[in-house]
Every structure is written in structure tokens, then in C-alpha cells.
Amino acid sequence: MPTNNHELPLEMVRNRPQLVPEMLRTVFGLDVSDQARATLASESYADTNPAELRCDATVLLGDPKSPVMGIVVESQLRALKQKSYSWPAYLASLRLRRRCPVMLLVLCPDPATARGCAAPIDMGHPGWVLEPLTVHPGMLPPITDPNQARRLPELAVLSAPAHADGPQSQAVLQGLSAAIGSLSGDTGKLYYDYVLSRFSDAARKLMEETVKLDNYEWQSEFAITHRAEGRAEGLAEGLAEGEAKGEAKGEAKGEAKGEVKALLLMLEARGLDVPAAVRARVQGCTDLEQIERWIQCAISADSAEDLFT
């Protein structure tokens, strides 16, 4: 797993390509549709020499076979003169291969690096000047809405260091807590370690008080265990009901019942009140994909009603 400051922002892009158009809209005000599908593409570009051109990441918007936009993403810890030669080559190669407009987005750790990397690249031909789009955490908005943080956890992680000591610090860290809580496997731990390494001592202490990673691990283990138990119980009930009614759909009903039981157990174990209206809506749902989305939300929801927002 990547651990250094250069690789982890790129890993976030690879984990969630939609992060790239979101930054282009948020930071630069560019008209990039939020409905367009974002996918990763090859990061290697062959040229006429045996050597290979390889950018850090490439994101395509729209249909990967006929994209409406191609975005080269680079991560830079310092400004390098040699990039003024390779970056235009990346863009030209991507434009040639995909037959679509292209952009360059450079992820930087601080304002000084962003300014250095943003220096215009004069290509020599009249009017042909490449102005790299550079972004550092201070240019990203503070993510204080837990729902937004869960939707794009990488954006919350990247922006948090710039706002963790500001006037909205508590709300920023709560949003970050929701973002980390929405992630599975080692990803949450990885992002947690990364963001803590970029915090001040005061922000780090407040963050550790706001989100306990062990707590999220416990929730994950709890979810795994109780989903298995819930599925088994629900399947047995569904099969029994179906047999009694002469139906052949007892298994599907049982699976949905099991997921609903696991969801309600998770909410209750987190100390959240589950109003009758919420319980009735959840229990009446038979759409397994919808229940799965609610379960993911339940990991870090502030209230049971947040499942439906």
C-alpha cells in the first residue's frame, strides 16, 4: 500500500476517479458535468523512442471508448523544470489517442509548490501556452457536511489539513470522521495515518478525540458478524414463510430480512434512536442494493434519519 506524500493523493484518485472532476468544478469553476462517468485509463504513452512516457494518472470523463474529456493528473512535491517538457507530451499523446479535449491537473502539498508548478509553459508556437491547473489543500473547501464527506471521502481527507485549525475545525473533523468511517478494509487506516501526519499537534489531538479508529474497526467486525447472523435468521424465516404460503421466493425474502436485521442492530449498537417511521420504512424495503447503501451509511450516520438523506 502507498504511504508517502507523493503516492497517496494518486491512490485517492485511483480509488475514486470522480474526485478529479469534483476538484475542477470546485477549485477552478470549470464546466465539468457532475453526471459524466469518471474512469481511469492507461498511464503509459508510447512515443517514437523505445522509452515510455508515463504520467501519474489519467481520468476519462464520459464513455471510456469515446470520452468527452481526458485529464492527466500529476502529483508534485516540488516544481521541476523537466516537467515543462513531459507535461505537454502527456497531453498531446492523450489527445491523439482519445480524440477528445484534455486538461492537466497537478496535485501539490502547499501554495509555494502550486505556484511553481503553475508557471506557464511557452511551447514556442504563437498563442500556444500551457498553463497547468495546480491545486493544494488550502484551495479546497472545508468539508463539514458528513453526507458530502461520505460521498467523496478523498476530498474530505485532502482538504482537512488546511482547515483543521480554522474556525470550522470541529465541523471539519466531524466530516473527516464520517469520511473515514465510510471506508472499508485498510483504506480508512491508510487515509487516517496520512491526514494525521499533516495535522498540527492541536488538530491531531482533537482528531484523535473525535474519531477513534479502533471504534471503526469494532463497528466493521460487528457489521460482519451480525450481518451473517441476520442473514441466517432471516433466510430461515423467509423459507418458512414461503413454504407455508406455497411460495418459491422465500430465499430472496429471507436475505432481505437478514440485511434489515443487521442494519437495525448496527444503528442500535451505535446508540442511535430508531424512530418507528424509520424502522417501518427499513423493514418494508426488499431492495437489497438499497439496504446495502443504508448499511454503509449506518456505519457513520449521526442519526437514523440520515439513512434517507
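Figure 1. Residues are numbered from 1 along each chain as its sequence is written. The model is predicted, so local features need pLDDT of at least 70 and side-chain atom pairs count only at pLDDT 80 or more, while totals for chains, interfaces and linings use all residues; side-chain values use heavy atoms, without hydrogens and water.

**Figure 2. Secondary structure and contacts of the protein.** The protein contains 13 helices and nine strands (DSSP runs numbered from the N terminus: helices are H or I, at least four residues; strands are E, at least two). Among contacts (heavy atoms within 4.5 Å) with a separation of 6 or more, 63% join residues 24 or more positions apart.

**Figure 3. Surroundings of His 136.** His 136 belongs to the loop between strand S9 (133-135) and H5. This residue counts as buried because its relative accessibility is 14%. Leaving aside residues up to four places away in sequence, His 136 touches Cys 108, Pro 109, Asp 110, Pro 111 and Ala 114.

**Figure 4. Pro 146 in helix H5.** Helix H5 spans residues 146-151 and includes Pro 146. With a relative accessible area of 17%, Pro 146 is therefore buried. Pro 146 and Leu 176 are 30 residues apart along the chain, and 7.7 Å separates their C-alpha atoms.

Methods. Buried < 20%, exposed > 50% of the residue type's maximum accessible area, 1.4 Å probe, protein only.
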